[in-house]
Amino acid sequence: GQAIFPVKLRFAEEEQNSPSARYYYGGDESDETTEVDTIGILLESGDMLLPAAVPPTLTARLESIVFAAGEERRAEFVGSLKEYGMLVARPADGFAGPGLKLYSGDPEMLYMHPAYAVRAVNYGEEFDLAAQPTMVESFGVGFRELLIPLTRDGAEFNLLFTVEGELMGCQGELRSVARTGGAAMIPSGALAFAMAGDYDSRNIPLAPEERRRIAWLGVAVQPLDSDLARDGRVSNLTADGTNGLLINKIYPGSPAESIGLAPGDILLKVTALDDGVTTLLVGGEYGGFGMGNPLWEYYDEIPEQHYDMLPLPWAGVKSPLSALLTRIGIGSKVELGYISGGKMCSAELVLSAAPTFFETAPRYNARELGITVADLTFEVRDYFKLAADDPGVIVARVRSGSRASIAGVMPYELITQVDSTPVRDIEQFRELVSKGGEIRLEVRRLSQSRIVTITAGKF
């Protein structure tokens, strides 16, 4: 009977509280993924092995797993293998199949034995499943020194079986080198060992509020360049400014502050201590996004249809660096390599979640006015030089053609008062504007305030 199926993984759409965020913060490409097509290999244990190198940021949004077995059936998520780019699921609704056995014998006993090379590819609309006879002619040495059976004809396949139908190997990615493309044939012994161990607790589906969390250092950075490297006399340590992120700001109480980083230091590399993978912080890849791009001097010339494309004026908490740290995982230990005072330094820390920031702040959509406002978060207060008790909410979005847009309210301006009453948060804003009628807003753009009057019905 059939034990290899086309599988579709479905993911919730990523929420974008700031529509321009996907263009400017430089996040992971998986942010926009809503479906992944793969295959499912039903094993005699009843579990289904899914070769799919899904990163934690994507697994967090996993909504359903479906496979085609005559009709569409559902499977429940069981876990993610720690070392291999594979998920494990279990068919639901009492589905049972013959299941495949993992070859458990000595791999060397397969030398010069016939085998079947199977090509199983799910194209979404089409499922390609084909097998051809082959021969195990030699062995390679793979991850953890495990023997990988090699066929004599180099056939293109992703599954390898004995003539008795036992699975000898499956093509997959090594998690530890996933960012550098570590695809390999994973032998059955390695799969059995991995499935018998603990699954990756950081690579699981999460509730919406949990998956919005990101790992952070609490720094604002810019990419190094050749001039900055020469001025700082670190050209020899940074490939003439190609590598490195120059720290411009350290947020109070942040992880960066706790390990003694300071403005002027240069972040050079991050090593995930769980797997030993080191990522060099190339300026062009990890800097330049999320630095803040204020367009205040051009604000009055910007058409309302472009409001959703305006970049954040402050340095965003989300950045390529935070995306890297989030992939490594909140709670993981890393070693930072950095330059301070012209000397190489290092420090270890456990990655922690960022506090509430603009993109995750509570919001209120005042539909009658056509604006969405958000509570003030630490980086917004820092940018506008506001004290912790200064009043205000920030305009997160302005709907084109709305009363607020016609009155001249624009994204990222502050609303500090409604009808001469200081506004503490979005709840008070909602209470003050819901009465309708003529509403007077005190709107602040940088240090300049003005009164905007909007007439709206009760809501």
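This section describes strand pairing, cysteines and salt bridges in a predicted model.

Strand β7, comprising residues 114-122, runs antiparallel to strand β8, comprising residues 127-141, and nine bridges join the two. Within this pairing, Tyr116 is placed opposite Pro133 of β8. The two strands form a hairpin in which four residues lie between them, and the turn contains Gly124, whose phi is positive at about 90 degrees. Strand β8 also pairs with strand β9 (residues 147-151), again in the antiparallel sense, through five bridges. Here Phe139 has Pro149 in β9 as its bridge partner. A hairpin is likewise formed by β8 and β9, with five residues between the strands; in its turn, Arg144 adopts a positive phi of about 60 degrees.

The structure contains zero disulfides.

Charged side chains were examined next. Side chains of opposite charge can pair when their charged atoms come close. In this model, 21 salt bridges were counted. One of them links Lys8 to Asp37, with 2.7 Å between the closest N and O atoms. Because Lys8 belongs to strand β1 (residues 4-11) and Asp37 to strand β2 (residues 35-42), this pair ties together parts that are 29 residues apart in sequence. Lys8 is buried at 18% relative accessibility, while Asp37, with a relative accessible area of 32%, is partly exposed.

A further salt bridge is formed by Glu71 and Arg73, whose closest N and O atoms are 3.4 Å apart. Both residues fall in the partly exposed class, Glu71 with a relative accessible area of 48% and Arg73 with one of 24%.

Within helix α11 (residues 426-433), Arg430 and Glu427 are three residues apart, which corresponds to about one turn of the helix. Their side chains meet in a salt bridge with an N to O distance of 3.3 Å. Arg430 is partly exposed at a relative accessible area of 33%, and Glu427 is also partly exposed, at 42%. Elsewhere, salt bridges with shared partners join Lys8, Arg10, Glu35, Asp37 and Glu72 into one network.

Methods. Residues numbered from 1 in each chain as written. Predicted model: local features only at pLDDT ≥ 70, side-chain atom pairs only at ≥ 80, totals over all residues. Heavy atoms only, no water. Pairing = 2+ DSSP bridges. Disulfide = S-S within 2.5 Å. Salt bridge = Lys/Arg side-chain N within 4 Å of Asp/Glu carboxyl O. Buried < 20%, exposed > 50% of the residue type's maximum accessible area, 1.4 Å probe, protein only.
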